[in-house]
Amino acid sequence: MVKFLIVRHGFSLSNKDGTFTGQLDIGLSKVGKLQAKAVSNYLLENYKIDAVYSSDLSRAVDTVKGVADALGLSVVTDARLREYYCGKWEGLTVAQVEELYLDDLNKWRTDNGGDVGPTDGETRDQIRDRSVAALKEIAEKNQGKTVVVATHGGTIKAMQEVWKDPLNLLNESWATNASTSVVEFDGTDFIVSLNGYDEYLGRDKTEMPKGI
C-alpha cells in the first residue's frame, strides 16, 4: 500500500490573470507562495513523508519544495504529472478563447466522456492515462511509504476518473490551489480518504478563474 498526498500547486501568476496556462512554465504569485508555505507546514505537521514527487513545471515544484527541503529530500520531477497541454488556448484569457474558439470551448466545458480537449490540445483521457501511469510507477518504487505528489487542477480532475465515478466528473469541483487529497493505492485500486482539503489556507484560499 502507498499513501499519496496529492497537492495542487499554489495560485500562479496566470491563475491571477485568468488565462489558460496549460504547460507554460508560469511561477507562483505572492499568494501562491504563501499557500506553498501553508501546505508545506500542514503536510509536515500531519504526515510522515518518505518522498516528494512533482510535475516538472516550476509552480508545482515550488509548492512542495519546502517539504522536501525540511526533510532533506529531493523533489523528483516527472513530466507526466504536468497540466493539460492546452494547444492553441495556452496563454489566452477565457474571453479570448470564447472569441476565437467558442465551439471548441463549449464542447470541452460539457464533455463528460473525456475525449474532448482544447483546440489542438490533450483530452482528459490522455492526461488520465499518463498521470495514472506515473502514479503506478511511483507506487512500485515506494511500497509502504507516504509520498507527496504535486500536480495541477486539470490533472487531478483527470486522475479522479480512476478513484471516483467518472460519469459525475462534470459536477466535481476543481481541486483548489494548494489543496491536499489523500489517496491510497493497493496495487489494484485507488481509495480516497480526503479530497481537496484546504482549511489550513485560511484567508489565503483562492478560486478557479470564472469560465474555466
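Two strands are taken to pair if DSSP finds at least two bridges between them, and helices (H or I, at least four residues) and strands (E, at least two) are DSSP runs numbered from the N terminus. The model is predicted: local features need pLDDT of at least 70 and side-chain atom pairs count only at pLDDT 80 or more, whereas totals for chains, interfaces and linings use all residues. Residues are numbered from 1 along each chain as its sequence is written, and side-chain values use heavy atoms, with hydrogens and water left out.

In E6, leucine 194 is the bridge partner of valine 182. Strands E5 and E6 run antiparallel and are joined by 5 bridges. They belong to an open sheet of 6 strands with mixed pairing, in the order E3-E2-E4-E1-E5-E6. Its edge strands, E3 (75-77) and E6, each pair on one side only. On average, neighbouring strands of this sheet are turned by 20° against each other, direction ignored. Helix H6 (residues 124-141) packs on the sheet and touches E1 (2-8), E2 (51-54), E4 (146-151), E5 and E6; contact here means heavy atoms within 4.5 Å. The direction of H6 makes about 135° with that of E1. Axes are lines fitted to C-alpha atoms, for helices over the stretch in contact, and angles run from 0 to 180 degrees between N-to-C directions.

The whole structure holds 10 aromatic pairs, defined as rings of Phe, Tyr and Trp (its six-membered ring) with centres within 6.5 Å; planes under 30 degrees apart count as stacked, over 60 as edge-to-face and the rest as tilted. The ring centres of tryptophan 163 and phenylalanine 190 are 6.1 Å apart and the planes stand at 50°, so this pair is tilted. The pair links distant parts of the chain, 27 residues apart: tryptophan 163 is in the loop between helix H7 (153-159) and strand E5 (180-185), and phenylalanine 190 is in strand E6 (residues 190-197). Both residues are buried, that is, under 20% relative accessible area, with over 50% termed exposed and the range between partly exposed (1.4 Å probe, protein chains only). One aromatic cluster is formed by Phe20, Tyr84, Trp89 and Trp108.

Serine 14 lies in helix H1 (residues 13-17) and counts as buried because its relative accessibility is 6%. Apart from neighbours within four places in sequence, serine 14 is in contact with Thr19, Thr21 and Ile26.
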